[in-house]
Amino acid sequence: MAETNEARMEKTIAALKDSFNAIRTGRASASIFDKVRVDYYGTKTPLNQVGNISIPEARSIIIQPFDKSLIVEIEKAILTADLGLNPSNDGKVIRISIPPLTQERRKELVKQAKAISETSRTSIRNIRRDGNEELKKMQKGGEITEDDLKKEEDSLQKLTDKYIAEINKIYDSKEKEILEG
């Protein structure tokens, strides 16, 4: 049973990291396009599957579509993704210059990261609650003793504390990255 709780907590951490990758900092990074979907002949396709994303320097990104006819669709997808980026194309590639973040925008991004972190912490606590409820059912059903119940609850609490500490560490790192830019 503990494995399923731990696996669920691991998934929460993975989702947190995934969400944080989409928050752009002042540096160019291909991961900010992870959630961008391009209309590829009627199918919403991840940007990295329809073009090559390269970072020639710290504040610029070049996207080279595999199919030149998609250049307008890629540009449209980036604009509608609300990343605060302005792509420009020369008919062959899309160039994106990453503007430095204003102090106000940095504060907004930190707030956004904090909200995502809090949602993740809540998810971890919900997993603990579900686990504790399951343990109590097992004890009522005579599957485990009261001593086993206490031991398992303590174990689940330690697991919860470990994952909440990891979320805090990931958040602190992202906050530092955003503020330094």
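Arg129 forms a salt bridge with Glu133 in this predicted model, the closest N and O atoms being 3.9 Å apart. A salt bridge here is a side-chain nitrogen of Lys or Arg within 4 Å of a carboxyl oxygen of Asp or Glu. Side chains of opposite charge can pair when their charged atoms come close. Arg129 and Glu133 both lie in helix 3 (residues 103-140). They are 4 residues apart, about one turn of the helix. Helices (H or I, at least four residues) are DSSP runs, numbered from the N terminus. Arg129 is partly exposed at 43% relative accessibility, and Glu133 is partly exposed with a relative accessible area of 43%. Buried means under 20% relative accessible area, exposed over 50%, and partly exposed in between (1.4 Å probe, protein chains only).

Helix 4 (residues 146-180) holds both Glu153 and Lys150, 3 residues apart. Their side chains meet in a salt bridge (3.6 Å, N to O). Glu153 counts as buried, at 15% relative accessibility. Lys150 counts as partly exposed, at 48%. Salt bridges that share partners also join Arg8, Arg129, Asp130 and Glu133 into one network.

In helix 2 (residues 71-80), Glu73 and Lys76 lie 3 residues apart, about one turn of the helix. A salt bridge links their side chains (3.6 Å, N to O). Glu73 is partly exposed at 24% relative accessibility. Lys76 is partly exposed at 44%. The whole structure contains 12 salt bridges.

Residues are numbered from 1 along each chain as its sequence is written, and side-chain values use heavy atoms, without hydrogens and water. Local features need pLDDT of at least 70, side-chain atom pairs count only at pLDDT 80 or more, and totals for chains, interfaces and linings use all residues.

Technical notes: Helix = DSSP H or I, 4+ residues; strand = E, 2+ residues; numbered from the N terminus.
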